[in-house]
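Please look over the sequence and the 3D view before reading on.

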Amino acid sequence: MTNSMKKEREGWELITTEKITWCPSCPDHIILESTRRAILSLMKQGYSREDFAMVAGIGCHGKIFDYLNLSGIYGLHGRALPIATGMKMGNPNLNVVVFAGDGDTYSEGMEHFIHSCRFNPNLTLLVNDNQSFSLTTGQATPTSQQGFKTKAEPLGEFNKPLNPILLALSAGATFVARCNSRDIEHTQKIIEQAIKHEGFSYVEIIQDCLVFNLETSKRDDLIYKAPEKNRTLKEAMDLAMEFDYNLKNNNKIPIGIFYQTRRKTLDEEWPQLVKLKNKKIGWKELKK
Ligand SMILES: Cc1ncc(C[n+]2csc(CCOP(=O)(O)OP(=O)(O)O)c2C)c(N)n1
């Protein structure tokens with residue numbers, strides 16, 4: 001096999017042979033690729049595949065569970081975060097990555113989202129935000145734009161959208177970022193940094209739904225990379241407020257890391273978990 005062939009095949013053990021059922025051109029395909037590249041890059045830096053575990057919610061986004069070759073639990077709609085926290089408490093040395101949707105996280109799973117920001121478990125939440133409940137054919141979620149007409153909201157969504165970045169910041173999240181699913185390299189980089197972060201890392205991945213919320217695909221000119229710098233909480237909140245999720249306002253949409261800070265994680269607060277962490281349980285240890 002030539003070197004270029006080897007390079008092309010690198011990391012394909014992270015992908016399963018399951019038939020992919022996402023719509024053609026759905027950004028979920030690209031998010032899978034960004035995640036694969038991020039994990040591959042971390043494996044080159046010394047992590048092993050067995051150091052990762054995943055949890056998925058239920059929705060189009062959650063199908064990644066069938067396509068990414070990692071151990072984990074295919075969760076319940078809205079309940080991926082408590083499952084992940086439980087996994088983390090069982091083995092604090094696992095790098096747990098949660099794949100969730102905007103409906104999943106900001107509607108049914110809202111309390112888990114807020115308390116994860118507060119409790120600071122050392123895990124990563126990736127939210128594919130397509131501003132609609134897409135698997136169930138496009139009802140409005142808390143981040144849908146006002147006026148969004150759906151079969152369930154024939155008069156258009158009445159409510160103002162929630163700003164989840166602002167909410168996460170005010171609830172105490174220690175790593176808050178947003179990226180654009182179509183920018184594979186940037187998304188890969190952010191996912192890598194989120195996984196390396198010690199504490200609860202939350203990444204909102206903006207994606208279009210090309211079937212149920214067509215307005216979401218008109219944002220490319222509005223998205224810009226915010227300068228990379230350490231921000232105070234107030235500065236991060238100001239940046240978060242630049243985009244209010246109402247697409248018609250043509251507000252600029254900043255992406256990048258909004259805020260990162262270090263405080264004791266859930267597993268560092270509990271002496272039992274510190275002890276467990278120092279035992280370094282994992283596949284490598286079990287094999288010995
Ligand atoms: C407890 C529970 N409530 C509701 C549902 C129905 N349900 C399944 S997928 C889904 C929509 C998922 O939307 P989102 O999380 O935004 O993900 P997307 O499909 O857009 O990726 C809903 C409402 C369910 N399966 N379980």
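**Ligand site**

The model is predicted. In it, 16 residues surround the ligand, and the closest are Cys60, Gly103, Asp104, Ser132 and Leu135. Sorted by class, this shell holds nine polar, four nonpolar and three charged residues. Helix H5 (residues 102–108) supplies the largest share of the shell, with four residues.

| Residue | Atom on the protein side | Distance to a ligand oxygen |
|---|---|---|
| Asp102 | polar side-chain atom | 3.2 Å |
| Gly103 | polar backbone atom | 2.9 Å |
| Asn130 | N or O atom in the side chain | 3.0 Å |

On its own the ligand has 600 Å² of accessible area, and the protein covers 75% of that.

How many residues of strand S5 (residues 175–180) are buried? The count is six of six, and the strand is mostly covered. In a regular strand the side chains alternate between the two faces of the sheet. In S5 both faces are covered: one side carries Phe175, Ala177 and Cys179, the other Val176, Arg178 and Asn180, and all of these are buried.

S5 pairs with strand S6 (residues 201–206) in the parallel sense, over six bridges. Within this pairing, Phe175 stands opposite Ser201 of S6. Together with helix H8 (residues 184–196), S5 and S6 make a right-handed β-α-β unit.

S5 also pairs with strand S8 (residues 253–260); these two run antiparallel and are joined by four bridges. Here Ala177 has Ile257 of S8 as its bridge partner.

**Strand S8 and strand S7**

S8 is mostly covered as well, with six of its eight residues buried. Strand S7 (residues 223–225) pairs with S8 in the parallel sense, over three bridges. Lys225 stands opposite Ile255 of S8. From S7 the chain passes through helix H9 (residues 233–240) to S8, and this β-α-β crossover is right-handed.

**Single residues**

Most residues other than glycine have a negative phi, and most peptide bonds are trans. Ser25 has a positive phi, near 75°. Ser25 sits in the loop between helix H1 (3–9) and H2. Is Ser25 buried or exposed? Ser25 counts as exposed because its relative accessibility is 58%, and the cut-off for exposed is over 50%.

Asn120 likewise is a residue other than glycine with a positive phi, near 60°. Its place is the loop between helix H6 (110–119) and strand S4 (124–129). Asn120 has 0% relative accessibility and therefore counts as buried, the cut-off for buried being under 20%.

Glu33 belongs to helix H2 (residues 28–44). Why does Glu33 count as buried? The relative accessible area of Glu33 is 17%, and buried means under 20%. Glu33 and Thr105 are separated by 72 residues in sequence, and their C-alpha atoms are 22 Å apart in space.

How values were computed
Residues numbered from 1 in each chain as written. Predicted model: local features only at pLDDT ≥ 70, side-chain atom pairs only at ≥ 80, totals over all residues. Heavy atoms only, no water. Near = heavy atom within 4 Å. Polar contact = N/O pair within 3.5 Å; in protein donor to acceptor, adjacent residues only side chain to side chain. Areas by Shrake-Rupley, 256 points an atom, 1.4 Å probe, with all protein chains shown as cover. Nonpolar A, V, L, I, M, F, W, Y, C, P; charged D, E, K, R; others polar. Buried < 20%, exposed > 50% of the residue type's maximum accessible area, 1.4 Å probe, protein only. Pairing = 2+ DSSP bridges. Right-handed = clockwise from strand over helix to strand, strands pointing away.
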